Amino acid sequence: MRKYLTLFVLTVFFSVIAVLSLPPIINDGEEPQISDEWEPNLPVNETISPFLPDEPPNNEEETEGIDKGNTTGEEVLEIPMGLYASLRRYASDHILVKFKKGFEEEFFPLVAAASGASLIEPMSIERVAKVYVGEEQSVESLLNKFRESRIVEWAELDYYAFPAIAGVLLRPEDINDPLYPLQWHLKRIGFEEALRRNPSAGEGITIAVIDTGVSYGDGNSFPSMKAPDLETAKFVNGWDFVDNDPFPYDEGSLIPESIYSIGHGTFVATEIAAGLGNGLAGVGISPNVSIMPIRVLDTDGFGLYSWIAEGIRYAADHGADVINLSLGGLSSSQVLQEAVIYAYNKGITLVAAAGNLATKPEFNGDVLYPAKYPQVIAVGATSYRGGRASYSNYGPNIFITAPAGETSSSIVDNNKRDAVLSVTFVIDTTTGEVTYGAFWFNGTSFATPQVSAAVALIRALGVTDNEAIKLMLRETAIDRGLAGFDEHTGHGELNLERLHKGIGFN
Ligand SMILES: [Ca+2]
Ligand SMILES: [Ca+2]
Ligand SMILES: [Ca+2]
């Protein structure tokens, strides 16, 4: 039994590749932030000082006033309340009426005369007509009159529908986040241009983050506390399949051969949904999405396929639109594949990491599972220079890549490193000390959420068909490596600007 269990545990590899020179990038010699002393509203420039730009914004007062899950102050363009009221708007000059059988078009002039309506105009829908108000008549009184009529099946107001963009619209001008200039991956994928065209920022879309959990709680101490810059993010209920409890808080995952444990799922979540325009840290790609945290990786960095399969089914049954799987294993599996197909058949987009084993000669470098399944979008990583990152698994199943850097130990431009910058925590396992801050990480784990967020952005615009989504990602990716599709970079590198231009939002 023990042997059996071990075999399966070891098949899932945690997809983070490297954390670079930890101590220098956390705190610049200041007292490390310890969990129970952590104040979530502290301006991040006190805790992540090494990454501050030359002129840190004076944001202390603004961050005090963060209103959870909604607006972040005047930097954000908020839809006025009046507009919400107007979403219940209906036509004021006509109502819709379905007449009973036998009382069709030839009766309309008679009915109009009897009711005082100015005109009854048949629609292309059987026995349904638009009935226009007459002089000194309101739409409401006309409605009542028709509802009482014995020749009418039903009568109703003609309401306006509205696009699925609601809540807080975000603009590039809103960005005041001090670490944003260092998040080169965002510039590279055309983030600002996409935001200009699609200020929904993913509103109304739920991304399940199936991972080590997320620091999303409202508690005061680790792990039930919230990571900085997730203060304005929205969360829906998830599940912890490691401990089988309803609290999928991120408890970290040990980095092999190191003393550090990192908040892997929290990093993924901040890449997707870190606050934009809140004067803190960096920004997420789709800050208005809802995150569904699902914990399937334990503190050692491993997760049973059974947990992952249950996590996928949970997400599929609880309203997720996109499933982000920044993890992978070497073995194919019936339970995993069936869970993937179950979610795919519900119309959910599954996005998974290709894996980080390409430099290890004992593996063949091929894309891991579940990324390898045809129902899943397999995401590889590109370096700052633009080619496939050396660790990024490849092969005929790679679909797309996103910039996650080659190695965080190399400085590529001023203070930028060849890695993704975002917010999470690191635990020094020798002391148990938990430090929240911004870190540079590499790995296909951190390319994957860029694609998940991109899918959320276009889903928020109403594109929900999985094959249409894949086609759009494929056709608008920037070609890398050999011309056209190639087994190192797939169809190319994710590009949000082209993605939005490509679907007619110029
Ligand atoms: Ca838990
Ligand atoms: Ca921020
Ligand atoms: Ca290519």
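**Figure 1. Overview of the predicted model.** This is a predicted model, where local features need pLDDT of at least 70, side-chain atom pairs count only at pLDDT 80 or more, and totals for chains, interfaces and linings use all residues. Residues are numbered from 1 along each chain as its sequence is written, while chains are lettered from A and ligands numbered from 1 in the order in which they are written. The protein has 14 helices and 23 strands (DSSP runs numbered from the N terminus: H or I of at least four residues for helices, E of at least two for strands). Of its 506 residues, 50% count as buried; buried takes 20 or more other C-beta atoms within 10 Å of a residue's own, exposed takes 12 or fewer, partly exposed lies in between, and C-beta atoms are placed from the backbone. Take the contacts between residues at least 6 apart in sequence, and 75% of them join residues at least 24 apart (a contact puts two C-beta atoms, placed from the backbone, within 7 Å).

**Figure 2. Helix α12 and its partner α9.** Here α9 (residues 264–273) packs on α12 (residues 444–460) at an angle of about 35°, with the axes 9 Å apart. Axes are lines fitted to C-alpha atoms, for helices over the stretch in contact, and angles run from 0 to 180 degrees between N-to-C directions. From α9, the residues H264, F267, V268, E271 and I272 meet S445, F446, P449, Q450, S452 and A453 of α12. That contact splits into 6 nonpolar, 4 polar and 1 charged residues (Ala, Val, Leu, Ile, Met, Phe, Trp, Tyr, Cys and Pro are nonpolar, Asp, Glu, Lys and Arg charged, and the others, Gly among them, polar). As for α12 itself, 17 of its 17 residues are buried, so the helix is largely enclosed by the rest of the structure. Its 17 residues should span 24 Å at 1.5 Å a residue, and the end C-alpha atoms are 25 Å apart, which agrees; the expected span is 1.5 Å times one less than the number of residues.

**Figure 3. The open sheet of β5, β6, β4 and β7.** The 4 strands come in the order β5-β6-β4-β7, with antiparallel pairing (to pair, two strands need at least two DSSP bridges between them). At the edges stand β5 (119–122) and β7 (152–159), each with a single partner strand, so one side of each has no neighbour in the sheet. Ignoring direction, neighbouring strands are turned by 30° against each other on average. Inside the sheet, β4 (residues 90–99) and β6 (residues 128–132) share 5 bridges, and I95 has V131 in β6 as its bridge partner. Helix α6 (residues 139–148) lies across β4, β6 and β7, at about 160° to β7.

**Figure 4. The β5–β6 hairpin.** The two strands have 5 residues between them, and R127 in the turn has a positive phi of about 65°.

**Figure 5. Strand β19, covered on both faces.** In β19 (residues 400–403), I400 and A402 on one side and T401 and P403 on the other are all buried. Strand β18 (residues 376–382) runs parallel to β19 with 4 bridges, and G380 stands opposite T401.

**Figure 6. Q334 in helix α11.** Q334 belongs to α11 (residues 334–345). This residue is exposed, with 9 other C-beta atoms within 10 Å. A309 is 25 residues away in sequence and 9.7 Å away in space, C-alpha to C-alpha.
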